[in-house]
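Please open the model in your viewer and keep the selection tool at hand. The stops below proceed from a single residue to its surroundings, then to a sheet and the whole chain.

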Amino acid sequence: MPPVLEFKNITKVFPGVIANDKVCFSLEKGEILALLGENGAGKTTLMNVLYSLYQPDDGEIYIEGEKVTFQSPCDAIDKGIGMVHQHFMLVPVFNVAENVMLGKEDVKAGGFLDIETTAKKILEISEEYKLEVNPYDLIKDLPVGVQQRVEIIKLLFRGAEVLIFDEPTAVLTPQEADDLFVIIRSLAKQGKSIIFITHKLREVLDLADRIIVLRQGIVVGETTPDKASKNSLAAMMVGREVILEIDKSPAIVGKQILSVNNLIVTDNKKQVTVDEVSLDVKAGEILGIAGVQGNGQTELVEALTGLRTLSSGQIKIEGVDVSHSTPRKITELGVAHIPEDRQRDGLVLPFPVLENLVLCTYYLPPFAKNKFIDWKVATRHAEELKKQFDIRTPSVTTLVGNLSGGNQQKVIVARELSRPISLLVASQPTRGLDVGSIEYIHNQILNKRDEGVAILLVSPELDEIMQLSDRIAVMFRGKILAIIPAGKASKEEVGLIMAGIIPDALSEFAIN
Amino acid sequence: MTKKKPEKNIAVNIFFEEMSKRINSRNEKRSTWQSLLIPFLAIITGLIFGAIFNVITNVDVYTAFKTSFIDGLALAWKTVAVSYSALFKGAVGDPRFIIEALRSGDKVIITRAFYPITESLVATTPYIFAGLAVALGFKAGVFNIGAEGQIFIGAATSVFVGYYFTGLPAYIHIPFALLAGAVGGGLWGFIPGWLKAKTGGHEVINTIMMNYIAFLLSDWLLRGPLRRPDTYQSVSPAIQKSAELPRFFPDPIRFHAGFFIAVGFIILVYIFMFKTTWGFNLRMVGVNPNAAKYAGINVGQNIILAMTLSGALAGMAGAIEVLGVNHALFGAISSGYGFDSIALALLGNNNPIGVGFAALLFGTLTNGATKMQMDARIPVEIISIIQAIILMFIAAPAIIRTIYRLKEPKEQDQLLAASNLGGN
């Protein structure tokens with residue numbers, strides 16, 4: 001029997017970049033195939049070629065042994081190929097059934113929508129594949145994990161045989177991710193074929209039947225979970241040995257640097273998103289804030305760095321009350337901030353690297369004298385940082401927008417860590433970065449800790465929090481539910497708190 | 001009162017705003033070569049389209065085509081040749097006449113020969129100030145459509161200082177009057193800037209409204225408090241001799257020191273934007289206000305500063321015009337400099353030096369148009385068409401690339417170079 005899907009020599013060239021270079025692989029019926037690779041390795045391009053969002057420059061696609069050429073995503077859907085996108089394509093104010101039927105509506109006589117029939121079909125699908133969902137719930141009321149289930153149902157409703165998941169766990173809690181894995185396995189058991197795109201090694205080893213590793217558009221290896229390890233996969237992805245386990249000495253804790261008392265912050269819609277948060281960070285330690293994205297971490301960080309006015313409470317840095325200080329005042333007190341969204345807040349993309357490297361210090365000597373900026377000094381400064389932090393850029397006058405994500409982040413890290421600081425607020429410092437860059441940035445953060453800097457690390461990646469933190473604070477719906485010393489809780493336990501449930505064993509660390 | 005109809009400009013202006021944003025981001029990536037080539041080709045294309053309009057609006061050409069195709073073609077060619085040579089003669093001068101004049105050595109003849117080019121520079125001067133005003137705003141992310149109104153206010157305050165104060169030596173009176181123009185225009189820019197920073201009121205709407213206030217205010221001033229006592233016309237008293245910008249040649253050459261002041265301001269604005277912390281603040285706010293806030297910059301203050309400085313530069317355009325050329329204020333003091341300057345800033349890529357060249361082009365075309373109208377009976381509006389087409393192509397470089405089969409700038413190459421170095 002021919003494979004369900006086969007790629008033969010798929011090549012896609014963008015001006016100056018070969019995104020896919022003679023990619024060949026096949027997908028068998030009922031198989032879970034993991035497509036592993038760093039950002040920019042060509043995974044998404046490959047899937048977009050399949051989904052005919054791009055036309056390949058060369059190569060052929062076969063479905064069940066038959067050569068196909070798609071003109072539009074509709075053709076791909078007709079041939080039974082469905083994709084669960086990273087960002088869901090759902091209408092929040094519609095209910096589940098309406099979302100599922102959208103574009104393929106059941107109608108009653110006279111052209112009226114027949115939601116009941118659709119709902120019945122949804123219930124059948126949900127029973128068959130253990131995708132629990134109520135067809136009449138509004139999307140906006142559903143947790144992210146359930147929304148993702150709706151996306152999957154949408155595909156099954158359209159008769160998809162091949163399901164592509166593009167980084168599906170990025171938005172999920174660890175528990176939700178586990179639920180998803182159960183669903184994916186049951187889908188495979190029922191004969192659906194799965195392509196699972198990710199750069200997370202653990203997921204690949206847990207879930208896949210077979211692993212294909214892409215690097216710079218080329219298939220560099222094919223393996224199975226029983227023959228591979230995290231280290232061997234990382235080496236394949238990056239092309240060199242990568243040290244995944246962080247060797248961390250115990251923290252030498254100094255005086256209190258940051259103290260936050262009963263902080264209440266609202267978001268742009270005046271909803272309370274940080275609800276009576278109190279915490280402190282001492283010199284030489286890393287306090288990790290775990291939590292699913294959107295539980296108030298963003299607003300907390302913005303309040304700490306002066307970017308958002310707080311409703312009540314107090315923030316002190318080294319004893320100085322900064323509750324109502326400007327960002328500049330806070331920066332000048334020795335606070336570094338690696339922002340969550342580097343392109344929105346951390347960088348000015350159309351400015352060259354050297355200007356971005358002095359973004360917070362351009363007005364101080366030696367860069368400025370009497371309001372005149374000495375660009376020569378700034379250039380020398382940039383050259384030094386480029387070497388010291390290994391920023392891969394053709395020159396310091398290259399626009400930051402032209403650098404890769406990892407190097408953009410290095411620019412921020414270089415800028416923030418190269419000046420004398422006592423507190424580092426790092427918000428998702430490795431978001432969207434590949435294994436090599438993550439390793440580098442983690443080491444930089446640990447070095448700063450060992451130098452005696454107090455570090456507040458915010459990340460929805462539980463692995464990152466577990467690896468780096470000396471203490472872990474778990475945030476849920478704006479509140480800090482517990483602060484646990486590292487080593488006292490397992491990943492699963494922290495995951496539970498992230499969902500709002502405090503296990504009995506950890507009740508001593510709970511905060512009321 | 002000016003004959004310009006601002007209401008017609010609103011839609012156009014909002015279109016520009018969108019375009020300019022896209023251009024801003026695109027231009028940064030555009031290679032230096034193309035950033036020069038595209039305006040050049042746009043100008044050529046503008047002239048070609050101008051010629052086509054010139055021909056198809058000429059009734060005689062149709063009549064000639066009725067007699068024979070050859071005749072029609074010949075007349076079409078002749079029409080274009082006559083009008084463009086008139087444009088050139090009006091803008092730069094007649095080369096033959098210039099050579100003859102130089103040979104003759106007669107001062108009066110030489111003066112007449114060089115008159116067109118000096119007039120072009122006179123027309124360029126306010127364009128430089130107004131263009132710098134709009135470009136500075138663009139760089140800081142604010143869209144100042146109010147340059148026209150700011151020119152009127154600047155001209156009014158400058159004229160007042162120019163005639164009201166007597167007995168001042170020129171080296172005090174001229175800077176004082178220029179400063180008054182800058183303050184007047186600056187105030188007219190400050191108000192919409194302040195409204196934007198404090199209330200979020202959009203500067204496009206507010207500067208347009210400020211334009212109306214400025215037009216009608218200057219209208220009222222000229223009928224009332226600022227009217228010349230001995231006349232019933234809407235004209236202000238003449239400024240004192242001590243406030244007049246020095247001219248270097250005998251009449252009728254009106255070329256005055258304002259041109260050099262304008263060139264000085266190109267350099268000044270350039271240094272301000274690219275060498276000072278103030279300029280860095282403004283540019284950062286203009287490109288990414290979020291990052292600016294992150295970097296500790298007060299975004300609101302900088303918006304106000306940008307609008308005020310922009311207004312001040314526009315006000316100086318008005319001041320230069322009254323102190324250098326007209327020596328008095330009247331209703332038609334600005335014939336749309338403020339509106340043209342939006343186009344001009346785009347053409348100059350919002351770079352002070354680029355604005356200088358764009359101003360020279362606009363000044364030359366405007367000046368040449370008059371001669372073209374007289375000699376070839378071509379309506380001045382053809383020049384507006386040419387300017388509009390140039391602008392359209394600048395705003396949509398893809399069209400120019402398609403027409404002339406240019407390749408996209410290779411931004412990807414740089415990207416690849418960067419990623420090949422080993423980053424992710």
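This is a predicted model: local features need pLDDT of at least 70, side-chain atom pairs count only at pLDDT 80 or more; totals for chains, interfaces and linings use all residues.

Setting aside its neighbours within four places in sequence, V474(A) is in contact with A290(A), G291(A), I480(A), L481(A), A482(A), V494(A), I497(A) and M498(A).

Next, widen the view to the largest nonpolar core, which has 260 residues. V474(A), F196(A) and F129(B) are the members that touch the most others. Now select helix α13 of chain B, residues 299-326: this helix supplies the largest share of the core, 16 residues. Colour domain 1 (5-238) and domain 2 (256-509) of chain A separately; both give residues to the core, so it lies between them. In soluble globular proteins, nonpolar side chains tend to be buried together.

**An open sheet in chain A**

Select the four strands β12, β11, β14 and β15 of chain A, which form an open antiparallel sheet in that order. At its edges stand β12 (272-282) and β15 (320-321), each with a single partner strand, so one side of each has no neighbour in the sheet. Strand β11 (residues 256-266) of chain A pairs with β12(A) over 7 bridges, in the antiparallel sense. Within this pair, L258(A) stands opposite V281(A).

**The whole of chain A**

Of its 512 residues, 46% count as buried.

How values were computed:
Residues are numbered from 1 along each chain as its sequence is written. Chains are lettered from A and ligands numbered from 1 in the order in which they are written. A residue is buried if 20 or more other C-beta atoms lie within 10 Å of its own, exposed if 12 or fewer, and partly exposed in between; C-beta atoms are placed from the backbone. A nonpolar core is a set of buried Ala, Val, Leu, Ile, Met, Phe, Trp, Tyr and Cys residues joined through C-beta atoms within 7 Å. Helices (H or I, at least four residues) and strands (E, at least two) are DSSP runs, numbered from the N terminus. Domain bounds come from an automatic or database domain assignment. Two residues are in contact if their C-beta atoms, placed from the backbone, lie within 7 Å. Two strands pair if DSSP finds at least two bridges between them.
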